[in-house]
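Here are my notes on this model, as numbered points. Please read them with the coordinates open.

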Amino acid sequence: MSRIGNNPVVIPQGVTVDIKDGVVTVKGKMGELTQNFDSVDIKVEDGNVLVTRSSDSKDQKAKHGLYRSLMRNMIEGVSKGWTKELELVGVGYRASNQGQKLELALGFSHAIVMSLAPEVKVETVSEKGKNPIIKLTSHDKQLVGQVAAKIRGFRRPEPYKGKGIKFVGEVVRRKAGKSA
């Protein structure tokens with residue numbers, strides 16, 4: 001029995017959910033998302049979305065909670081949006097953006113220029129005495145996470161000094177250096 005899959009997903013004001021042939025379309029003030037859901041039944045009742053399975057097969061049991069979570073993420077994304085914040089830790093590490101182009105100076109011999117998808121809004125914050133912060137915002141949770149992981153992959157935090165790109169609030173496990 002899936003505990004997460006049995007919980008209903010509340011549809012907030014201003015969000016519409018359309019279901020046709022296993023394809024669910026969610027529209028809200030932030031945008032529109034479409035997802036294909038197979039092997040489970042999705043119904044809209046009394047302002048809630050219910051995800052049910054027709055049998056207890058292993059495949060349907062495995063996807064029941066997953067599809068409910070994906071449905072919740074879609075509804076929350078089009079109503080509120082998703083945000084990821086990355087922090088650049090290191091001397092001389094900088095970030096700037098012009099529209100959808102993000103330019104990163106990470107200690108390499110050249111700057112990294114990355115063009116982002118139009119669904120992702122990027123904002124860079126640089127204050128004197130603080131580490132630069134990159135804020136990524138979108139209605140698609142998967143896309144924001146993927147872009148944030150790609151940016152973080154350019155210079156992962158290293159365990160000795162903690163330099164690199166990390167998520168805001170992430171704790172980097174530190175190692176002891178050489179002992180004399």
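1. Arg53 forms a salt bridge with Asp56, and the closest N and O atoms are 3.2 Å apart. The term salt bridge here means a side-chain nitrogen of Lys or Arg within 4 Å of a carboxyl oxygen of Asp or Glu. Asp56 is exposed, at 57% relative accessible area. The classes are buried (under 20% relative accessible area), exposed (over 50%) and partly exposed (in between), with a 1.4 Å probe and protein chains only.

2. A word on provenance. This is a predicted model: local features need pLDDT of at least 70, side-chain atom pairs count only at pLDDT 80 or more, and totals for chains, interfaces and linings use all residues. Residues are numbered from 1 along each chain as its sequence is written, and side-chain values use heavy atoms, with hydrogens and water left out.

3. How many salt bridges does a search of the whole structure find? The search returns seven. One of them joins Lys63 to Asp59, with 3.5 Å between the closest N and O atoms. Both residues sit in helix 1 (residues 58-79), four residues apart, or about one turn of the helix. Helices (H or I, at least four residues) and strands (E, at least two) are DSSP runs, numbered from the N terminus. Lys63 is partly exposed at 21%. Asp59 is also partly exposed, at 40% relative accessibility.

4. Glu127 and Lys130 form another salt bridge, the closest N and O atoms being 3.6 Å apart. Are these two residues buried or exposed? Glu127 is partly exposed, with a relative accessible area of 44%. Lys130 is exposed, at 57%.

5. Next, the aromatic rings. A search of the whole structure finds one aromatic pair. Phe37 and Tyr67 form this pair, which is edge-to-face, with 5.0 Å centre to centre and 85 degrees between the planes. Rings of Phe, Tyr and Trp (its six-membered ring) pair if their centres lie within 6.5 Å; planes under 30 degrees apart count as stacked, over 60 as edge-to-face and the rest as tilted. The pair links distant parts of the chain: Phe37 is in the loop between strand 4 and strand 5, Tyr67 is in helix 1, and they are 30 residues apart. Both Phe37 and Tyr67 are buried.

6. Check the backbone of the loops. Most residues other than glycine have a negative phi. Ser39 has a positive phi of about 65 degrees although it is not a glycine. Ser39 lies in the loop between strand 4 (32-36) and strand 5 (41-45). Ser39 is partly exposed at 25% relative accessibility. Asp46 has a positive phi too, of about 55 degrees. Its loop runs between strand 5 and strand 6 (48-52). Asp46 is exposed, at 79%.

7. Strand 2 (residues 16-20) and strand 3 (residues 23-27) run antiparallel and are joined by five bridges. Two strands pair if DSSP finds at least two bridges between them. Lys20 stands opposite Val23 in strand 3. The hairpin has two residues between the strands, and Asp21 takes a positive phi near 55 degrees there.

8. Thr25 lies in strand 3. Thr25 counts as buried, at 16% relative accessibility. Which residues does Thr25 contact, leaving aside its neighbours within four places in sequence? The contacts (heavy atoms within 4.5 Å) are Thr16, Val17, Asp18, Glu32, Leu33 and Thr34.

9. Three strands form an open sheet in the order 8-9-10, with antiparallel pairing. The edge strands are strand 8 (94-98) and strand 10 (112-115), each pairing on one side only. Strand 8 pairs with strand 9 (residues 101-105) over five bridges. Ser96 stands opposite Glu103 in strand 9.

10. Last, the record. UniProt lists residues 11-81 and 89-166 for "domain: Large ribosomal subunit protein uL6 alpha-beta", in an unreviewed entry. UniProt positions are given in the numbering used here, feature names are shortened, and annotations may be inferred rather than shown by experiment. Residues 11-81 are 31% helix and 35% strand, with the end C-alpha atoms 14 Å apart. Residues 89-166 are 17% helix and 37% strand, and the end C-alpha atoms are 8 Å apart.
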